[in-house]
Amino acid sequence: MAAKGLKPALLVTGAAGFTGRHACQHFHDLGWAVTAAVRKTPPASLLPGVKAAECELTDREQVRQLIDRIRPHYVLHVAGRNAVPDSWRDPAGHMEANVMAPVYLMEAMREFRPDGRLLLAGSRLGVDPAQGARSVPHPYSLSKSVGSWVAEAWSALYDLPVMIAEPSNLIGPGESTGFCMLLAKHIARCELGTMEGKAPFTISSRGAVRRFLDVRDAVSAYEKLLLSGAPGEVYPVTGEQEWTLGEVAERLLCKARGSVPVQWGSETDNAPAPPQSETVRSQSISELGWRPGIEMEKSLDDILAYARAVTESSR
């Protein structure tokens with residue numbers, strides 16, 4: 001914890017990514033001293049007043065030097081590799097990024113700021129170790145499952161204040177490879193007339209069910225967990241309502257200014273909802289006073305406004 005009168009010092013990893021940018025904005029607006037950890041030269045869009053620090057999180061010594069230099073009161077670790085298809089091609093790289101990087105962060109905090117609080121962003125696509133190795137659906141799930149389990153163990157073994165958040169599908173304005181943003185950019189390109197003669201946007205499963213959460217709500221949940229979360233606990237951070245991909249797509253398509261070609265998968269192609277972590281190890285974040293506050297309609301409006309702006313600017 002920061003001493004009275006001092007700004008809390010926060011390190012955000014993955015600060016150039018979708019969640020990381022929103023996190024830097026959120027905590028900067030709160031008046032925290034934010035350092036953004038990035039792999040390469042800081043992006044031009046980094047917020048004024050946010051310090052940037054280049055660091056390869058899979059390099060133990062670079063992580064150690066970074067934590068030694070900053071001595072953060074809080075670490076929000078949202079960096080990592082999160083592409084399921086890519087995890088089949090490079091499983092070792094996913095294990096390095098999603099398991100060893102958190103280990104290096106925890107070890108550096110243990111050495112230089114043992115009372116500092118670290119929040120690790122896990123995944124709802126993880127599986128409970130009690131379900132057995134054969135329940136793992138892909139290398140990405142394995143890497144996130146092991147990373148969360150190791151974080152829980154490190155917290156217990158070394159009495160470290162480490163918490164794990166398991167967010168559902170995050171949506172909202174900003175650069176994202178998620179379904180909603182990809183469809184919104186397709187709509188924006190159609191509105192500008194740049195998609196004539198090109199293939200329609202493919203939505204493979206109309207009936208697949210997901211829980212969506214605005215990234216800005218997720219970041220507010222992360223604030224709660226950094227300040228008040230119980231060390232060693234796993235907290236699902238999810239939207240309150242389930243949606244089919246078809247329902248969400250139709251809501252976006254209704255906002256389009258004109259015709260937008262899409263291609264729907266057949267009902268027999270509908271995939272089941274991805275496996276979700278069991279709540280047997282989980283705590284309820286609602287007990288800390290958090291609930292999502294941004295409605296789906298607001299999220300979709302903001303996503304489409306962002307997509308239109310970036311599409312127009314790239315002409």
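This is a guided tour of a predicted model, stop by stop.

**Ground rules**

Residue numbers start from 1 along each chain as its sequence is written, and side-chain values use heavy atoms, with hydrogens and water left out. Because the model is predicted, local features need pLDDT of at least 70 and side-chain atom pairs count only at pLDDT 80 or more, while totals for chains, interfaces and linings use all residues.

**Stop 1: the whole chain**

Show the cartoon. The protein has nine helices and twelve strands. These are DSSP runs, numbered from the N terminus: helices are H or I with at least four residues, strands are E with at least two. The radius of gyration is 20 Å, close to the 20 Å that the globule rule gives for 315 residues, so the protein is as compact as a globular protein of that length. That radius is taken over C-alpha atoms, and the rule is 2.2 Å times the number of residues to the power 0.38.

**Stop 2: surface and charge**

Switch to the surface. The accessible surface comes to about 15,100 Å², and 51% of that belongs to carbon and sulfur atoms. Areas come from the Shrake-Rupley method with a 1.4 Å probe; for residues, only the protein chains shown count as cover.

Of the 315 residues, 49% count as buried. Buried means under 20% relative accessible area, exposed over 50%, and partly exposed in between (1.4 Å probe, protein chains only).

Colour by charge. There are 34 positive and 36 negative side chains, and the centres of the two sets lie 4 Å apart. Lys and Arg count as positive, Asp and Glu as negative; His and the chain ends are not counted. Each charge is placed at NZ of Lys, CZ of Arg, CG of Asp or CD of Glu.

**Stop 3: the cores**

In soluble globular proteins, nonpolar side chains tend to be buried together. A nonpolar core here is a set of buried Ala, Val, Leu, Ile, Met, Phe, Trp, Tyr and Cys residues joined through side-chain atoms within 4.5 Å.

Select Leu10, Phe27, Val34, Leu76, Leu119, Tyr222 and Val237. Of the 31 residues in the largest nonpolar core, these touch the most other members. The elements giving two or more residues to this core are strands E1 (9-13), E2 (33-38), E4 (74-77), E5 (117-121), E6 (162-167) and E10 (234-237), plus helices H1 (18-29) and H7 (215-228). Which element gives the largest share of this core? It is H7, with seven residues.

Another core lies apart from it, of 28 residues, among them Cys55, Ile67, Val99 and Val162.

Return to Phe27. Leaving out residues up to four places away in sequence, Phe27 touches Leu10, Trp32, Val34, Leu76, Val219, Glu223 and Leu226.

**Stop 4**

Select Ile70, in helix H2 (residues 60-70). Beyond four places in sequence, Ile70 touches Leu11 and Thr35. Draw a distance to Ala230: the two C-alpha atoms are 160 residues apart along the chain and separated by 24 Å.

Step to Arg71, in the loop between H2 and E4. At 35% relative accessibility, Arg71 counts as partly exposed. Check its backbone: phi is near 50 degrees, a positive value in a residue other than glycine. Most residues other than glycine have a negative phi.

**Stop 5: Asp159**

Jump to the loop between helix H5 (139-158) and E6, where Asp159 is found. Phi of Asp159 is also positive, near 55 degrees. Buried or exposed? Asp159 is exposed, with a relative accessible area of 68%.

**Stop 6**

Ser228 is in helix H7. It is partly exposed at 44% relative accessible area. Ser228 and Arg117 are 111 residues apart in sequence and 9.7 Å apart C-alpha to C-alpha.

Next, Gln283, in the loop between E12 and helix H9 (296-313). Gln283 counts as partly exposed, at 32% relative accessibility. Its contacts, leaving aside neighbours within four places, are with Glu233, Val234, Tyr235 and Pro236. The C-alpha atoms of Gln283 and Gly229 are 54 residues apart along the chain and separated by 9.3 Å.

**Last stop: Cys254**

Select Cys254, in the loop between helix H8 (245-253) and strand E12 (262-264). Cys254 is exposed, with a relative accessible area of 66%. Its C-alpha atom and that of Ile303 are separated by 14 Å, at 49 residues apart along the chain.

Methods: Contact means heavy atoms within 4.5 Å.
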